[in-house]
Amino acid sequence: MRWNTYSDYLRKKYGQNVFRIGVDAGFSCPNRRKDRMGGCAFCDGTGAVAVYQRSGESAFHHDSSYDSSVANSAPHCSQDIGKQIEKGRAFIRRRYGESAYSIYFQSFTNTYGTVDHLKAVYDEALSYGPFKEMIISTRPDCLEDDKLSLISSYKKRGVDVEIELGLQSANDNTLKLINRGHDAASYFDAARRVKEHGLFLSTHVILGLPGEGMEDFLSTADAVNRYSDAVKIHNLDIAGGTRFEVEYESGKIRLLSTLEYLDAVSSFLAHLRPDIVIQRLISETPAHRLIAPRDFPDKSKFIAMLEKKMETEGLWEGSQYVAKA
Ligand code: SF4
């Protein structure tokens with residue numbers, strides 16, 4: 001491929017396939033409190049839990065119809081961590097055969113609690129191992145140094161530790177518009193401290209947020225380049241039950257077409273530091289919760305289109321990277 005794929009990175013590092021078991025550890029999100037006006041404008045309140053952890057949802061596939069009853073009920077996973085891990089492991093084993101696993105604290109803000117509470121949750125999850133990696137998804141404004149010290153202490157237990165940090169855009173006006181509840185400086189501060197604690201850092205970004213164009217996408221790429229080891233890139237999509245759903249239905253939001261998104265991602269990749277690992281390239285909102293776009297190709301077709309486009313244009317990840325002071 002013309003970029004560093006996550007699966008290659010894992011195979012090189014561990015000598016085998018490694019799959020994430022995503023769990024909902026019962027955390028909430030500070031940005032969804034009443035005083036923060038209901039969270040990010042694109043958040044449907046499902047906290048991004050793996051579909052196989054929601055009863056009934058794993059039956060949906062890429063071509064399923066949008067189902068407002070499922071999308072708006074925002075079902076929350078209530079199973080204990082042990083059961084979720086068992087379910088995730090069984091699902092992965094059925095689909096991919098015997099593999100190694102990582103534990104992925106995926107839903108909502110997985111550092112939103114006291115240090116003692118975090119320790120109890122992480123310890124319990126790790127007791128169902130072995131896991132190659134412990135991956136913690138969180139927000140820049142919820143990652144104080146005492147939490148980072150706790151998290152980095154798990155490296156001594158023989159597990160690699162990764163922090164997934166949401167940035168979405170490096171443009172403060174956009175962050176305000178989408179009600180992220182933090183600015184780009186807060187992301188840089190958290191990202192720097194994650195690296196000072198010796199942790200692997202992955203950054204989430206969205207390309208195609210309202211009002212943004214190529215200049216914004218490339219400035220977000222520069223922000224990612226500063227501290228990240230990996231990046232997850234999503235196209236903006238509209239999920240049911242979000243503030244963006246209302247704005248999209250009233251014509252206030254225009255989404256990128258597949259071709260526009262291909263342009264955005266290929267340029268974004270070309271401007272990244274060449275060693276950054278690419279963990280995602282397209283949004284994976286399940287079709288039954290997705291209002292728009294409904295005409296995007298599925299992940300494998302999109303990746304084939306992207307590879308072809310970059311080949312035709314002579315682009316590689318990092319081919320237009322310029323180190324910034
Ligand atoms: S930080 Fe995540 S869980 Fe919290 S409101 Fe934003 S998208 Fe939703």
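Which residues of S7 point one way, and which the other way? Select S7 and look: Ala230, Lys232 and His234 go to one side, Val231, Ile233 and Asn235 to the other, and all are buried. Buried here means 20 or more other C-beta atoms within 10 Å of a residue's own, with C-beta atoms placed from the backbone. Strands (E, at least two residues) and helices (H or I, at least four) are DSSP runs, numbered from the N terminus.

A word on the source: this is a predicted model, where local features need pLDDT of at least 70, side-chain atom pairs count only at pLDDT 80 or more, and totals for chains, interfaces and linings use all residues. Residues are numbered from 1 along each chain as its sequence is written.

S6 and S7 pair in the parallel sense over six bridges; strands count as paired if DSSP finds at least two bridges between them. Click Ser202 and you'll find its bridge partner in S7, Ala230. The chain gets from S6 to S7 through H8, in a right-handed β-α-β crossover (strands pointing away from you, the path from the first strand over the helix to the second runs clockwise).

Now show S9 (residues 277–280), which pairs with S7 in the parallel sense over three bridges. Val231 has Ile278 as its bridge partner there.

Last stop: H8 (residues 214–227), where the buried residues include Phe217, Thr220 and Val224.

Technical notes
Buried ≥ 20, exposed ≤ 12 C-beta atoms within 10 Å, placed from the backbone.
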